[in-house]
Amino acid sequence: MPKLLSEAQIAQYQEQGYLAPIRIMDEGEAVAMRANLEAVEARTGGPLRGDLRHKSHLLFPFLADLVRHPRLLDAIEDVLGPDLLCWTSNFFIKEAVSPSFVSWHQDSTYWGLSAPEVATAWVALTPSTIENGAMAVIPGSHKIDQIAHRDTFDRHNLLTRGQEVAVEVDEGEAVPLILKPGEMSLHHVRLVHGSAPNPSADRRIGFAIRYIPTHIRQLEGEDSGTLVRGTDHFHHFAHEPHPHSEMAPEMLALHRRIAERSAQILYRGTGVASFNDPQAVRG
Ligand SMILES: O=C(O)CCC(=O)C(=O)O
């Protein structure tokens, strides 16, 4: 018996590789989260940059709560099963009138995970619309195996390496995932997706949370995750703690070590050593 999704929604995720929109909180809560983020940005001197955009749920209690949100996890459990790790999270922030974009790609390309049983919950903290560069997906493309990608390191590309699929994408097939604040989309790790720049007068903010069942392995080195539901019978990933205050020194130190290790996996073979490397910093 599914926990949140209908049988038809689960079938759509399996057949098309995505689902949207799914409301997980009311609009006011999402607006409050945006205000929380922007208060942090005001205190730290501007938009979050570099490694602070990754695994931010280890540094900020409001995001630690979001990755454990019961409704969100119910939807993830419906597609991945009951024993769940949050493997990572990434802010995708497009500033107002900015050229930042996301090239067509499959998430699985450089993540080093042992199987494509990985789902992303992309949570909208602002509206995500055609006008501000909503994410778009190619339905059914998750059924293709891993596609070759080329790295561009385009400085406006929000992806780690600016990677893009090395094949033509028929943009006529693309479906935009329109979301209101407090709604989320789900997408499969092999689904081809991307997004255009944001020419609008306001920021577009999404928080992408990546979940895996506990039996998945990291094939490219040591890795860690946050157990968010169920039991971990496998211990392939070191478990991460829950932050109890914002940017606590011990969590900042742990986050830095984890970010360095993740960068070694995601940037392997490129010479880039960290999310704070000038070649890696975007947004
Ligand atoms: O935020 C976007 O436009 C793209 C996000 C994305 O590529 C992802 O969540 O995997």
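Two residues are in contact when heavy atoms of one lie within 4.5 Å of heavy atoms of the other. In this predicted model, contacts between residues at least 6 apart in sequence were examined, and 83% of them join residues at least 24 apart.

The overall build of the chain comes next. Its secondary structure comes to five helices and 13 strands. The radius of gyration is 17 Å, close to the 19 Å that the globule rule gives for 283 residues, so the chain is as compact as a globular protein of that length. Along its principal axes, the C-alpha trace spans about 45 × 45 × 45 Å. Buried residues make up 57% of the 283 residues. The accessible surface comes to about 11,700 Å². Carbon and sulfur atoms account for 53% of that surface.

Two cavities of 30 Å³ or more were counted. The largest cavity has a volume of about 500 Å³. Its lining is made of 34 residues. Nearest its centre lie His54, Asn90, Thr160, Leu266 and Phe275. Strand 2 (84-94) and helix 5 (249-266) are the elements that give two or more residues to this lining. By class, the lining of the largest cavity holds 16 nonpolar, 12 polar and six charged residues.

The second largest cavity has a volume of about 100 Å³. It is lined by 14 residues. Phe92, Val102, Trp122, Met135 and His193 are the closest to its centre. At least two lining residues come from each of strand 3 (102-105), strand 10 (193-195) and strand 11 (204-213). The lining of the second largest cavity has six nonpolar, five polar and three charged residues.

Open space was treated separately. The largest pocket contains about 200 Å³ of space. Strand 3, strand 8 (175-176) and strand 10 each supply at least two of the lining residues. Strand 3 gives the most, with three residues. Nine residues of this lining are nonpolar and five are polar. No charged residue is found in the lining of the largest pocket.

Contacts with residues up to four places away in sequence are left out of the lists for Ala263, Ser128, Ser185 and Glu41.

Ala263 is found in helix 5. Its relative accessibility is 0%, so Ala263 counts as buried. It touches Arg268, Ala273, Ser274 and Phe275. One of these partners, Phe275, is also among the residues nearest the centre of the largest cavity. Ala280 lies 17 residues from Ala263 along the chain, and the two C-alpha atoms are separated by 9.7 Å.

Ser128 sits in the loop between strand 4 (119-124) and strand 5 (135-137). With a relative accessible area of 1%, Ser128 is buried. Its contacts are Trp122, Ala134, Met135, Leu177, Ile178, Leu179 and Arg204. Trp122 and Met135 are also among the residues closest to the centre of the second largest cavity. Ser128 and Ile93 are 35 residues apart in sequence, and their C-alpha atoms are 11 Å apart in space.

Ser185 is found in strand 9 (residues 183-188). At 1% relative accessibility, Ser185 counts as buried. It is in contact with Leu19, Ala20, Thr120, Ala121, Trp122, Met135, Leu177 and Leu179.

Glu41 is found in helix 2 (residues 27-44). Its relative accessible area is 6%, so Glu41 is buried. Glu41 touches Gly46, Pro47, Leu48, Ile93 and Arg203.

Terms used: Residues are numbered from 1 along each chain as its sequence is written. This is a predicted model: local features need pLDDT of at least 70, side-chain atom pairs count only at pLDDT 80 or more; totals for chains, interfaces and linings use all residues. Side-chain values use heavy atoms; hydrogens and water are left out. On a 1 Å grid over the protein atoms alone, a cavity is a set of points where a 1.4 Å probe fits but cannot get out, and a pocket is an open set with protein on both sides within 12 Å along at least five of seven lines; lining residues have an atom within 4 Å of a point. Grid points are joined across faces, edges and corners, and a volume is the space filled by probe spheres set on the points. Helices (H or I, at least four residues) and strands (E, at least two) are DSSP runs, numbered from the N terminus. Ala, Val, Leu, Ile, Met, Phe, Trp, Tyr, Cys and Pro count as nonpolar, Asp, Glu, Lys and Arg as charged, and the others, Gly among them, as polar. The radius of gyration is taken over C-alpha atoms; the globule rule is 2.2 Å times the number of residues to the power 0.38. Buried means under 20% relative accessible area, exposed over 50%, partly exposed in between (1.4 Å probe, protein chains only). Accessible areas come from the Shrake-Rupley method with a 1.4 Å probe; for residues, only the protein chains shown count as cover.
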